[in-house]
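I begin with the terms and then go to the entries.

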Amino acid sequence: MSDPMRIRAQAQGDKTTVRILVSHEMETGLRRDTAGKLVPAQFIQSISATHNGNTVMNAQWGTSVSKNPFVQFSFKGGKAGDKVAVTWVDNRGDKRTDEAVIA
Amino acid sequence: MERRVFIQGGAAVLGAGMGAGLLPQDALAQNAPGWTKAAFESKTMAEAIKALGAAPATESKDVLLQAPEIAENGNVVRLSAVSNLPGTTQIGFVVEKNPFPLSALFDVPAGTDPSFAVNVKMGQTSNVYALARVGDKLFYSVKEVKVTLGGCGG
Amino acid sequence: MRKSTGTFAKAACAATVFIAGCASAPSAPDVLATLKASFSERGIAKLDRLDQTDLQRICSEAAASGRPLDEKTRESLQKAIYDKIPYPADGKYLGDWREGEKIAQSGRGLQFSDVAGAPNGANCYACHQITPQEISYGNQGPSLLKYGVLRGVKDPASPASEAVVKYTWGRIWNTHAFNACNGMPRFGDAGILTPAQIKDVMALLLDPQSPVNR
Amino acid sequence: MKPEPVIAAVKWAWLALLFVACGVVAQTKSSADAIADYRASLQDGNPADLNAARGEQLWKTPRGPKNATLQACDMGLGPGKVTGAVAVLPRYFADTGRVMDVESRLVYCMVTLQGFRTEDFSAATVFSGEGQKASAVEDIVAYLYDESRDAVINIPQQHPLEKQAYARGRQIFYYKGGTHDFSCASCHGEDGRRIRLQDLPNLTKQKPAQEAFSQWPAYRVSQGALRTMQWRLYDCFRQQRFPELQYLSPASVDLITFLGVNANGGKMAAPAIKR
């Protein structure tokens, strides 16, 4: 089972900055294990964020995003106390959603 | 102790493909909806751009790329990009010499700044591109990132 | 691991007695016993690696005491080591600088995680600047950029170059012949590199075609 | 002693040398700046936060054969008190009669409170491999250090065993051995040294010792994993060409004591993020 994301959302003026840290191996499919066998690819392909039901971030990722991915973006209109929800889906169909309250 | 600022929660939903350890590995792959397979599996930047349905990209001073000059390790390289071009609908990150150059592609929904940061892996010293899409045109900014060998080695 | 023991026994004893006189608790056996109880043999790295050679002991004690070797001890140590340096019987000192560059880049070999029999690296770049192309180099040792040029080596095979060539060989074989207790490994004496590998590293440093000298 | 052959010191040679030397200085300075930029860029978004979050859960969740939490664990400041605890370890514990570092004490708690077996904890089981999840010890260690951010390092030297640990740690620090004649001091005994582009802290001096001690454990991007202080020593000795350092071994505790006492007065800043 996957671990929770760490989501920080901070409002300043009318702008909310969101920083997300995802717990994920981001296996490229090119790495060999100690026995020399290729480790199958497992990586996040889609990650999105919503604020009050509106999409504020939507991205596609390939295998070369780092392990335990970090992403930062900002949007207008959020205020302290609002919720931001983030969802990722990987190439095996694993997925996870976590929420954070805007500070 | 920034950790406490984070809110934990939300349910982890496991996909239907899990628990199917008996299946051959390929059967586990089930690309996420909307994932542009052809672009992310392109072996060159030109192919990837073609797969995104865009004309060859042109350099623009209105696309700003921040990347370290030297990466102490290629496993984590922080890239950030900002587009000052009106009507930017997507921001992309490309590492030219990676096996699959296209690394990440962010949509820019209404109200979201055309400005993103992400950590990427780099296999070797390479040019790194930030792409900004306006209509079916792509604009870019490029920087070389040197990936160095570090530590005691081995 | 090949050890050079007994060759400088006299000097070693002199230094040991001198340092042991001012050693404070805990005693040396206490340290060795602690080490033996704290490490396990694994793969090619056996527990005998914890047993010090005379030179290792002398140099450790000098470093811990903060007092460098006295001139006389140093001179006699260095001479004993210098006299034992074996030179290539065929008189050929230079191999292929391209291979030398690979050896200089590689930090593998002789760790417990390494496989026995695989070729060792010398990891020269960990401590030295060597070619202008490699920007990731350490500074534990001096820069070796233009090594041959700065020493006037135009043709490494010429008699005019012999002194520099032989010195370089000796310095790689057992560095303590020239500067006892410095931090460079004994690449030849300890069997880290084969003589053929040392010739390749020699070529990297001295071949006029090597990027070091171009 | 055979001195290095000296070539005729004609003017052009000196000029060439000077030129090369200046080139080296310029190159090194810009590389150092670039590396500093790289490190700064990673500070926001340290994946060790993920370890610390898991570690907090592990600390508070009943586990092991005794199905107990670690909340009664005495890390030295009293049962359950974790804030600041790691900044005063290693120290002597009367209940075990020995000097213990953070990981020794944590494992002691996992054994006595939760019923795990001492032999369950070794380098092979504690240090996670590539592609493996972090071990419970790694996660809990991340949590414990995160709880002690900004705590002042104050490793005690009162008990005779604490003094002995320091003195032995110091001698081990200077102990050359193995195929390469390396000691800890070979790389960490002088100022201003680098391996490749990585600065080597002079661990015999207070300021660099403080920087080093305060920044372990750390998330290593080259390993894609959180690494503990015990791992740091373990992997240094591997590269030193010594045999395998046993997890929680006496030599490891001695060395951590030596380093910690040298670092007294510094401020904890772990888990950090490093190359």
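I take buried area as the accessible area (1.4 Å probe) that two parts lose on being put together, summed over both. The model is predicted, so I used local features only at pLDDT of at least 70 and side-chain atom pairs only at pLDDT 80 or more, while totals for chains, interfaces and linings use all residues. Residues are numbered from 1 along each chain as its sequence is written, chains are lettered from A and ligands numbered from 1 in the order in which they are written, and side-chain values use heavy atoms, with hydrogens and water left out.

Entry 1: chains D and C.
I looked up the area first: chain D and chain C bury about 5,300 Å² between them, with 56% of it on carbon and sulfur atoms. Of the area that chain D buries against chain C, D:Y175, D:K176 and D:R196 supply 15%, more than any other three residues. In terms of contact (heavy atoms within 4.5 Å), 47 residues of chain D meet 66 residues of chain C.

I then counted 4 salt bridges between the two chains, a salt bridge being a side-chain nitrogen of Lys or Arg within 4 Å of a carboxyl oxygen of Asp or Glu. I also noted 30 residue pairs in polar contact between chain D and chain C, both residues at pLDDT 80 or more. A polar contact is a pair of N or O atoms within 3.5 Å; within protein, one must be able to donate a hydrogen and the other to accept it, and residues adjacent in sequence count only if both atoms are side-chain atoms.

Entry 2: individual salt bridges.
Over all chains, the structure holds 39 salt bridges. One pair crosses from D:R168 in helix α6 of chain D to C:D30 in helix α2 (residues 28-38) of chain C, with the closest N and O atoms 3.6 Å apart. Helices are DSSP runs (H or I, at least four residues), as are strands (E, at least two), numbered from the N terminus. I class residues as buried under 20% relative accessible area, exposed over 50% and partly exposed in between (1.4 Å probe, protein chains only). D:R168 is buried at 13%, whereas C:D30 is partly exposed at 27%.

A second bridge joins D:D181 and C:R186, the closest N and O atoms being 2.7 Å apart. This pair runs from the loop between α6 and α7 of chain D to the loop between α7 and α8 of chain C. D:D181 is buried at 5% relative accessible area, and C:R186 is buried at 3%.

Entry 3: chains D and A.
Chain D and chain A bury about 1,200 Å², 46% of it on carbon and sulfur atoms. I found 5 salt bridges across this interface. Helix α2 (residues 48-60) of chain D gives the largest share of the side of chain D that touches chain A, 4 residues. A:D3 pairs with D:K133 at 3.8 Å between the closest N and O atoms.

Entry 4: two helices of chain C.
In α4(C), the residues C:T73, C:R74, C:L77, C:Q78, C:A80 and C:I81 are buried. They lie on the same side of α4(C) because they cover an arc of only 160° around the axis, the arc being that of the directions from the helix axis to the C-beta atoms. The face turned away from the buried side of α4(C) carries the exposed C:E71 and C:K72.

I recorded α8(C) as mostly covered, with 10 of its 12 residues buried. Its buried residues pack against α5 (97-105), α6 (147-150) and α7 (162-173) of chain C.
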